[in-house]
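Open the model in your viewer and keep the sequence panel beside it. The tour goes stop by stop, with something to select at each one.

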Amino acid sequence: NSAVIMTRTVHNPTLALRELDEFNPDLVILDMYMPECSGPELARMIRQCDRFDSIPIIYQSAEEDLDKQLWAMQQGADDFLTKPVRPNVLIATVRNRVARARGLKARMVRDSLTGLYNHTHIQQLREESHERARRLSRRLSVVMLDIDHFMQVNDTHGHPLGDRVIKGLVMLLKQRLRKSDMIGRYGGEEFVLILPDADGIQAAAVVNELLERFRHMDFQSVSGAFSCSFSAGVAECRPDQDQPALDWITLADQALYSAKSRGRNQVVIA
């Protein structure tokens, strides 16, 4: 009870992939022998999904034949626990595997300067969020955000100070956005925000508040203090519109371009 591990039990293995998508676990425990399909068959199915190709899989089975255990492991699993398993052994195995997987994933999906999701992973999260919003008939907004005249900041004040400007904006985003919101670094000074359960007007109001706060941040250089602004484009993904996730990022990017062409330092809704 003190382990505080949230679990979900699936009694029909054929529904496992759907449950994985909804529950998004850190680890999967399988038996080798299950109705409808075997553990190794399900492990192979899980490994074929890009989203779960690196999730730890542990067998917990009464099978004692070492050759069969090794064969099962070769189908995509990471560990094999033979029943009966002491609770403390199971908990320790789960914790160790999850900690190692989280550490590896963090290095793979995070941007080194900001700690935000990198370009590849924020694209994946955008697609998953879009699919979830459609399935649950909820609104979702995507925001493309670009620091204004950032090249001029680097040329005038140097790249280390440019990095401080980026980190200042990132700190503001992390402080002011909800835990359910996702932030990614799309390029050098370009960011993507994914705001679940927010329509375009709500998202624009949030980003306008962020812009106001960012404008009032002072950055110190040898030539004195200076401030920055950003431009942003907002696209609202509506559940009744059957468009791929990529279209919404294109619309947000077009709105961002419109904000820049209107003089920057503003938020435009697609």
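What is the mean pLDDT of the protein chain, and what share of its residues reach 70 or more? This is a predicted model, so start by colouring it by pLDDT, the predictor's confidence in each residue. The mean is 89. Of the residues, 96% reach 70 or more.

**Stop 1: the two ends of the confidence range**

Select residues 87–109. This is helix H4, with the lowest mean pLDDT among the elements of the chain, 83. Now select residues 200–215. This is helix H8, and its mean pLDDT of 97 is the highest among the elements.

**Stop 2: the open sheet**

Show strands S1, S2 and S3 together. They form an open sheet of 3 strands in the order S1-S2-S3, and the pairing is parallel. Which strands are at the edges? Strand S1 (28–30) and strand S3 (79–82) are, each pairing on one side only.

Zoom in on S1 and strand S2, residues 57–61. The two pair in the parallel sense over 3 bridges. Pick Ile29 here; opposite Ile29 stands Ile58 in S2.

**Stop 3: helices on the sheet**

Helix H2 lies across S1 and S2. Its direction runs at about 170° to S2.

**Stop 4: a cis peptide bond**

Follow the chain out of S3 into the loop between S3 and H4, where Pro84 is placed. Select Lys83 and Pro84 and check omega. The peptide bond from Lys83 to Pro84 is cis, with omega near -5°.

**Stop 5: two positive phi values**

Go to the loop between helix H1 (16–23) and S1, and select Asn24. Its phi is near 50°, a positive value in a residue other than glycine. Is Asn24 buried, partly exposed or exposed? Its relative accessibility is 42%, so Asn24 counts as partly exposed; the partly exposed class lies between under 20% for buried and over 50% for exposed.

Finish in the loop between strand S6 (190–196) and H8, at Asp197. Asp197 is not a glycine, yet its phi is positive, about 55°. Asp197 also counts as partly exposed, because its relative accessibility is 44%.

Notes
Residues numbered from 1 in each chain as written. Predicted model: local features only at pLDDT ≥ 70, side-chain atom pairs only at ≥ 80, totals over all residues. Heavy atoms only, no water. pLDDT = per-residue confidence, 0-100. Helix = DSSP H or I, 4+ residues; strand = E, 2+ residues; numbered from the N terminus. Pairing = 2+ DSSP bridges. Contact = heavy atoms within 4.5 Å. Axes fitted to C-alpha atoms, helices over the stretch in contact; angles between N-to-C directions. Buried < 20%, exposed > 50% of the residue type's maximum accessible area, 1.4 Å probe, protein only.
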